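Me: Hey, can you walk me through this one? I'd like to ask things as they come up.
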Amino acid sequence: MPEQPLEGNALVKEVCRRIRLARSYWDAHNNAACRGEREKALTLYNTLTKEQKDQVPQTLRVWLRYRSEKYFGAHQTQPGNKKRSAKGRKR
């Protein structure tokens, strides 16, 4: 049975849940999981109407849109690029 898309209050609750989950991963220094949950939350958040966005607590909106953007924004290096230079290595 296919899952119905969320709408109304259920969608707002799911956005809040995902943001809180991303913040808990952030607090646990689990950046990969945090990045994934933040992306899912942001995708859902962008589908909300203005009235629904106002129902999301301000602290969650601030974290999602601004604070986490500093660390996970498009200007940051994507995970997995762990090339190291030969300089500075001790042999």
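What follows is a chat about the helices, the core and the charged pairs.

Me: Before we start, where does the model come from, prediction or experiment?
Reply: This is a predicted model.

Me: OK. How many helices and strands are there in the protein chain?
Reply: The protein chain has 4 helices and 0 strands. Going along the sequence, the pattern reads α-α-α-α.

Me: And what share of the residues is buried?
Reply: Buried residues are 27% of the 91 residues in the protein chain. As for the surface, the chain exposes about 7200 Å², and 50% of that comes from carbon and sulfur atoms.

Me: Let's go to H1. What span should H1 have, and what does the model give?
Reply: H1 has 20 residues, so at 1.5 Å a residue it should span 28 Å. Its end C-alpha atoms are 29 Å apart, which agrees.

Me: Which residues of H1 are buried?
Reply: The buried ones are Leu11, Val12, Glu14, Val15, Cys16, Arg18, Ile19, Ala22 and Trp26.

Me: Wait, Glu14 and Arg18 are in that list. What do arginine 18 and glutamate 14 form?
Reply: They form a salt bridge, with the closest N and O atoms 3.1 Å apart. Side chains of opposite charge can pair when their charged atoms come close.

Me: How far apart are arginine 18 and glutamate 14 in helix H1?
Reply: They are 4 residues apart, so about one helical turn separates them. An α-helix has 3.6 residues a turn, so residues three or four places apart point the same way.

Me: And why do they count as buried?
Reply: Arginine 18 has a relative accessible area of 16%, and glutamate 14 also comes out at 16%. Buried means under 20%, so both of them qualify.

Me: How many salt bridges does a search of the whole structure find?
Reply: The search finds 7 salt bridges. One of them pairs glutamate 39 with arginine 38, the closest N and O atoms being 3.2 Å apart. Arginine 38 is buried at 1% relative accessibility, while glutamate 39 is partly exposed at 38%.

Me: Switching topic: how many residues does the largest nonpolar core have?
Reply: That core has 16 residues. Those with the most contacts inside it are Val15, Ile19, Tyr45, Leu48, Val56, Trp63 and Leu64.

Me: Which elements give two or more residues to this core?
Reply: Those are H1, H2 and H4. H1 gives the largest share, 7 residues.

Me: Leu48 was on your list. What does leucine 48 touch?
Reply: Leaving out residues up to four places away in sequence, leucine 48 touches Leu11, Val12, Val15, Lys53 and Val56.

Me: Is glutamine 52 buried or exposed?
Reply: Glutamine 52 counts as buried, at 15% relative accessibility. You'll find glutamine 52 in helix H3, residues 50–55. Apart from residues up to four places away in sequence, it touches Gly8 and Val12.

Me: How many aromatic pairs does the structure hold?
Reply: There is 1 aromatic pair. Tryptophan 26 and tryptophan 63 form it edge-to-face, 6.4 Å centre to centre and with 75° between the planes. Tryptophan 26 lies in helix H1 and tryptophan 63 in helix H4, so the pair ties together parts that are 37 residues apart in sequence. Both tryptophans are buried.

Me: Last one: what follows H1?
Reply: Histidine 29 follows H1, and its phi is positive, near 60°. Histidine 29 sits in the loop between H1 and helix H2. At 70% relative accessibility, histidine 29 counts as exposed.

Terms used:
Residues are numbered from 1 along each chain as its sequence is written. This is a predicted model: local features need pLDDT of at least 70, side-chain atom pairs count only at pLDDT 80 or more; totals for chains, interfaces and linings use all residues. Side-chain values use heavy atoms; hydrogens and water are left out. Rings of Phe, Tyr and Trp (its six-membered ring) pair if their centres lie within 6.5 Å; planes under 30 degrees apart count as stacked, over 60 as edge-to-face and the rest as tilted. Buried means under 20% relative accessible area, exposed over 50%, partly exposed in between (1.4 Å probe, protein chains only). Accessible areas come from the Shrake-Rupley method with a 1.4 Å probe; for residues, only the protein chains shown count as cover. Contact means heavy atoms within 4.5 Å. A nonpolar core is a set of buried Ala, Val, Leu, Ile, Met, Phe, Trp, Tyr and Cys residues joined through side-chain atoms within 4.5 Å. A salt bridge is a side-chain nitrogen of Lys or Arg within 4 Å of a carboxyl oxygen of Asp or Glu. The expected span of a helix is 1.5 Å times one less than its number of residues.
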